[in-house]
Structure formats: structure tokens, C-alpha cells
Amino acid sequence: MTITDKNILESYSNLFEGLSFDNKIELIERLTKSLKANKSKGVGFYKSFGAFASEKSAEEIVSEIKSSRKFKNTDIKF
């Protein structure tokens, strides 16, 4: 832990001293939820790697995408 981290924690600790017991419990619950949410975000991100599976080559996929494009020629009148 760096000196900066220690100073930040000390500052927050001083702020929390004025909170009531119930508010401190609520703060602990919210911090716990945020830790769980941050942990699950990383797992989903790494699970997404390799999610797209295809037997086609990259060139085939690109040409398929390009051929499926549809353009509409419309005149914009000002």
C-alpha cells in the first residue's frame, strides 16, 4: 500500500467516524456489493474471448458482410 493510499483511507476513516451505526452498516453493505459487482465484470469480459466460432475464413466472413450491405440512394432536399 502506498503512502497516498494510506492517506486516502485515513481521510475516509475520519469521515466515517461521524456516521451512525446504521449508516456504517449500510456503507459496509454497499461496499460489499460493489466488490462483488467488480469481480463479476472481469469474469464476463474474459469469458467473451473466443465466443465467435465459425468454420469460415476471415476473407469469407468479410466478403459475406460486404455483400449483405444495402445502400439506399435518396436525395436530400434543403
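Biologist: In what order do the elements of the protein chain run from the N terminus on?

Modeller: In this predicted model, the elements follow the order α-α-α. The protein chain accordingly contains 3 helices and 0 strands.

Biologist: How should the confidence of the prediction be read, and which elements have the lowest and the highest mean pLDDT?

Modeller: Where pLDDT is low, the predicted coordinates should not be read in detail. Here the protein chain has a mean pLDDT of 83, and 83% of its residues reach 70 or more. Among the elements, H2 has the lowest mean pLDDT, at 80, while helix H3 (residues 58-68) has the highest, at 92.

Biologist: What percentage of the residues in the protein chain is buried?

Modeller: A residue counts as buried under 20% relative accessible area. By that cut-off, buried residues make up 0% of the 78 residues in the protein chain. The chain exposes about 8,000 Å², and carbon and sulfur atoms supply 59% of this area.

Biologist: Let us turn to charged side chains. How many salt bridges does the count give?

Modeller: Side chains of opposite charge can pair when their charged atoms come close. The count for this model comes to 2 salt bridges. One joins Glu 26 and Arg 30, whose closest N and O atoms are 3.0 Å apart. Another joins Lys 56 and Glu 64, with the closest N and O atoms 2.4 Å apart.

Biologist: Where do Glu 26 and Arg 30 stand relative to one another in helix H2?

Modeller: Helix H2 covers residues 21-47, and Glu 26 and Arg 30 are 4 residues apart within it, so about one helical turn separates them. Glu 26 is partly exposed, with a relative accessible area of 34%, whereas Arg 30 counts as exposed at 57%.

Biologist: Which accessibility class does Lys 56 fall into, and which class applies to Glu 64?

Modeller: Lys 56 is partly exposed, at 41% relative accessibility. Glu 64 is also partly exposed, with a value of 43%.

Biologist: The next feature is aromatic pairing. How many aromatic pairs does a search of the whole structure find?

Modeller: The search finds 1 aromatic pair. The partners are Tyr 12 and Phe 16, whose ring centres lie 6.0 Å apart and whose planes meet at 20°, so the pair is stacked.

Biologist: Is Tyr 12 buried or partly exposed, and is Phe 16 buried or partly exposed?

Modeller: Tyr 12 is partly exposed, at 46% relative accessibility. Phe 16 is likewise partly exposed, with a relative accessible area of 31%.

Biologist: Which residues make the nonpolar surface patch?

Modeller: The patch is made by Ile 8, Tyr 12, Leu 15, Phe 16 and Leu 19, and its area is about 460 Å². Patch residues must have over 30% relative accessible area; Phe 16, in helix H1, has 31%. The two residues of the stacked pair, Tyr 12 and Phe 16, are thus both members of this patch.

Biologist: Finally, what lies 2.9 Å from the backbone oxygen of Glu 60?

Modeller: A polar atom of the side chain of Ser 63 lies at that distance from the backbone oxygen of Glu 60. Ser 63 is found in helix H3, the element with the highest mean pLDDT. Ser 63 is partly exposed, with a relative accessible area of 42%.

Terms used. Residues numbered from 1 in each chain as written. Heavy atoms only, no water. Salt bridge = Lys/Arg side-chain N within 4 Å of Asp/Glu carboxyl O. Helix = DSSP H or I, 4+ residues; strand = E, 2+ residues; numbered from the N terminus. Buried < 20%, exposed > 50% of the residue type's maximum accessible area, 1.4 Å probe, protein only. Phe/Tyr/Trp six-rings, centres within 6.5 Å; stacked < 30°, edge-to-face > 60°. Patch = residues over 30% accessible without salt bridge, like charges linked within 9 Å, V, L, I, M, F, W, Y side chains within 5 Å. Areas by Shrake-Rupley, 256 points an atom, 1.4 Å probe, with all protein chains shown as cover. pLDDT = per-residue confidence, 0-100. Polar contact = N/O pair within 3.5 Å; in protein donor to acceptor, adjacent residues only side chain to side chain.
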